[in-house]
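Please examine the sequence and the model shown here before reading on.

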Amino acid sequence: MLILMLFNNKTTLQLTYNQIKDQTGISSDIDLKRNLQSLACLKHKILLKSPDTSRTVLETDEFKLNLQFSAPVRKLRIPLIAASTSDSSAASNGASVGLNSEFDESEVDNKLIEQRKYLIDAAIVRVMKHRKLLSHNSLIIEVTSILSARFLPDPALIKQRIDSLIDRDYIERSTQDRSVYLYIS
């Protein structure tokens, strides 16, 4: 959006790569190239790139607004393409470049596991609220079937979340059979 706003000025008809970089303040060449490729090289060519010899954006390229562009819908979604590792100096150091390059892979995994814990908790409570009394294996099967549309939960994680719900007094173990859970209302 910031790049397109540069073309709002009627005196600005054509901008070079370096002019866009200076005026937007985008310091990362990778991010700027990804955004310019999305605007100039995909299906909806909002910007026209010259020379239009390839889909890669070079620092010598110039861009101008495509005045013949018209969107078939009122709201247009322009996907951000993934950066190629050849465009990056960080790639030569062995670092990976992608959409989440500012996050460590383990941080993303930890956030994903935390989000899934809430989904598993909700599914367990939903099943137990409906059934009131259920065996361990049946509960694992039902929770897995509910969540399979989003992700395939690990049975060990489901067991861990069951124990957490027992500690928080949402469900309890049966006094007659330890493999049966009871919903506490």
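This is a predicted model: local features need pLDDT of at least 70, side-chain atom pairs count only at pLDDT 80 or more; totals for chains, interfaces and linings use all residues.

**A guided reading of the fold**

Helix α6 passes α7 in a right-handed crossing. Two packed helices are described by the angle between their axes and the distance between the axes. For α6 and α7, the axes come within 11 Å and cross at roughly 115 degrees. Angles of 65 to 115 degrees count as roughly perpendicular, and α6 is therefore roughly perpendicular to α7.

Which residues of α6 meet residues of α7? On the side of α6 they are His 136, Leu 139, Ile 140, Val 143 and Thr 144, and on the side of α7 they are Pro 155, Ile 158, Lys 159 and Ile 162. Sorted by class, this contact consists of six nonpolar, two polar and one charged residues.

Strands of a sheet pair through backbone hydrogen bonds, either parallel or antiparallel. Here, an open sheet of three strands has the order β4-β6-β5, and its pairing is antiparallel. The strands at its edges are β4 (133–135) and β5 (171–173), each of which pairs on one side only. On average, neighbouring strands of this sheet are turned by 30 degrees against each other, direction ignored. Three bridges connect β5 with strand β6 (residues 180–183) in the antiparallel sense, and Arg 173 stands opposite Tyr 181 in β6. Helix α7 (residues 155–167) packs on the sheet and touches β5 and β6, with a direction that makes about 100 degrees with that of β5. Helix α6 (residues 136–147) lies across β4 and β6 and runs at about 95 degrees to β4.

The chain contains another open sheet, which is formed by three strands in the order β1-β3-β2 with antiparallel pairing. Strands β1 (14–16) and β2 (47–50) stand at the edges with a single partner strand each, so one side of each is left without a neighbour in the sheet. From one strand to the next, the twist averages 30 degrees. Strand β1 is joined by three bridges to strand β3 (residues 62–65), and the two run antiparallel. Leu 15 stands opposite Phe 63 in β3. Helices lie across this sheet as well: α2 (residues 17–24) lies across β1 and β3, at about 85 degrees to β1, while α3 (residues 29–40) lies across β2 and β3, at about 110 degrees to β2.

Is Ala 40 buried or exposed? Its relative accessibility is 3%, and a residue under 20% is called buried; Ala 40 therefore counts as buried. Apart from its neighbours within four places in sequence, Ala 40 is in contact with Lys 45, Leu 47, Lys 49 and Phe 63. Ala 40 and Phe 63 are 23 residues apart in sequence, whereas their C-alpha atoms are 8.1 Å apart in space.

The chain as a whole may now be considered. It has seven helices and six strands, and from the N terminus on these elements run α-β-α-α-β-β-α-α-β-α-α-β-β. Of its 185 residues, 31% count as buried. Among the contacts in the chain with a separation of 6 or more, 47% are accounted for by residues 24 or more positions apart.

Note on methods
Residues are numbered from 1 along each chain as its sequence is written. Side-chain values use heavy atoms; hydrogens and water are left out. Two strands pair if DSSP finds at least two bridges between them. Helices (H or I, at least four residues) and strands (E, at least two) are DSSP runs, numbered from the N terminus. Axes are lines fitted to C-alpha atoms, for helices over the stretch in contact, and angles run from 0 to 180 degrees between N-to-C directions. Contact means heavy atoms within 4.5 Å. Angles under 35 degrees count as roughly parallel, over 145 as roughly antiparallel, 65 to 115 as roughly perpendicular and the rest as oblique. A crossing is left-handed if the near helix is turned anticlockwise from the far one by less than a right angle, and right-handed if clockwise. Ala, Val, Leu, Ile, Met, Phe, Trp, Tyr, Cys and Pro count as nonpolar, Asp, Glu, Lys and Arg as charged, and the others, Gly among them, as polar. Buried means under 20% relative accessible area, exposed over 50%, partly exposed in between (1.4 Å probe, protein chains only).
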